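Hi everyone, thanks for coming.

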Amino acid sequence: MGNCLLRNRCPSSRNQPEEAKNQPVKSELPVWSAERSITTEQLMRKRAEFWDTSPAYEGRKEIWDALKAAAEALETGNRDLAQAILDGASITLPSGFLSDCYDELGCRYVLPPYVLSRPTNIVIKPEPSSDPVVPTSPVTMAPDMYLKIRLSIGEAVTDEKLPVNSLERIADVKERLRQNHTLGKSRIRMICCGKILNDKTAIKDAKIPKSFIVQVIVSTDLE
C-alpha cells in the first residue's frame with residue numbers, strides 16, 4: 001500500500017460487493033498439493049512469513065491477527081471458536097470460506113490454501129528420541145484475580161476460572177496451563193476481542209474487559 005495512511009483503506013476494486021452477504025464459516029478445509037513435497041517445518045515457516053508480512057501491504061493488522069486465530073481454530077476442528085473470532089472482529093465471509101473475506105470497512109482479505117490446511121503431499125519427519133524434559137516451574141505470585149478462559153484442545157472445549165496475579169505475563173499463564181493440563185510443548189494462543197495476546201504482556205496491561213472469556217487455543221499437531 002506504500003504508506004501508513006493507506007493501511008486502513010482499500011482500492012475500490014477490492015471493496016466488498018454490495019450484494020455480498022455474510023455466510024457462517026464452513027468447516028471444510030481446502031484440499032491442495034504443494035509443487036514439491038514439503039515438511040511440516042517448511043510449511044510452518046511459509047505460514048509464518050505470510051502472517052508476518054501481509055499486514056505491511058494492505059488491510060488492518062488486527063484483522064490479520066483475527067484471521068490467523070480463526071484459521072488455526074478451524075484447522076484443529078473448532079468451528080464454533082473460529083466463528084466467534086470472526087464475529088468479534090466483524091469479518092464477513094460471502095462464500096463461507098476463509099479464503100475470501102472482508103472487514104467492516106469493506107476491505108478484502110485473500111488467504112492462500114497453505115495457511116488454511118496442510119498439503120496432501122506433506123512429509124512428516126519422526127521426532128528424534130530424547131530423554132524426557134522436566135518443565136521448569138514459572139515464578140508464582142499470590143493470585144489477586146480470576147481469569148475466565150475457554151480452553152480448546154482439539155474438539156474438547158472447557159470453561160474455567162484461573163487464579164492469576166495481574167502482574168503475571170501471558171507467557172506465565174500459558175506455562176501454568178501446560179502444567180495443569182499436561183500440554184507439553186503444544187502451541188498455545190490466547191485471544192481477547194479478536195486479538196492474540198502477546199507473551200510479554202502483563203495481564204493488567206492486556207486490557208481484558210471485566211468478565212470477558214479469553215479464548216485459549218491449543219494446537220497439538222502444529223509443531
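I'll go through a helix, a sheet, a pair of cysteines and the cores.

A quick word on the ground rules: this is a predicted model, where local features need pLDDT of at least 70 and side-chain atom pairs count only at pLDDT 80 or more, while totals for chains, interfaces and linings use all residues. Residues are numbered from 1 along each chain as its sequence is written, and side-chain values use heavy atoms, with hydrogens and water left out.

Let's start with helix α2, residues 61-75. Helices here are DSSP runs of H or I of at least four residues, strands are E runs of at least two, and numbering goes from the N terminus. The expected span is 1.5 Å times one less than the number of residues. Of the 15 residues of α2, 13 are buried, so the helix is largely enclosed by the rest of the structure. Just after α2, G77 has a positive phi of about 90°.

On to the sheet. This one is open, with 5 strands in the order β6-β5-β9-β7-β8 and mixed pairing. At the edges sit β6 (156-164) and β8 (195-196), each pairing on one side only. To count as a pair, two strands need at least two DSSP bridges between them. Strands β7 (187-192) and β9 (214-219) run antiparallel and share 5 bridges, and I188 sits opposite V218 in β9.

What about disulfides? There are 0 in the whole structure, taking a disulfide as a pair of cysteine sulfur atoms within 2.5 Å. The sulfur of C192 has its closest cysteine sulfur in C193, 3.8 Å away, so that's too far for a bond. C192 is buried, at 4% relative accessible area, whereas C193 is partly exposed at 43%.

Finally, the cores. A nonpolar core is a set of buried Ala, Val, Leu, Ile, Met, Phe, Trp, Tyr and Cys residues joined through side-chain atoms within 4.5 Å. The largest has 35 residues, and those with the most contacts inside it include W51, L67 and I85. Helix α2 gives the most to this core, with 9 residues. Apart from it lies another core, of 18 residues, and C192 is among them.

Note on methods. Buried means under 20% relative accessible area, exposed over 50%, partly exposed in between (1.4 Å probe, protein chains only).
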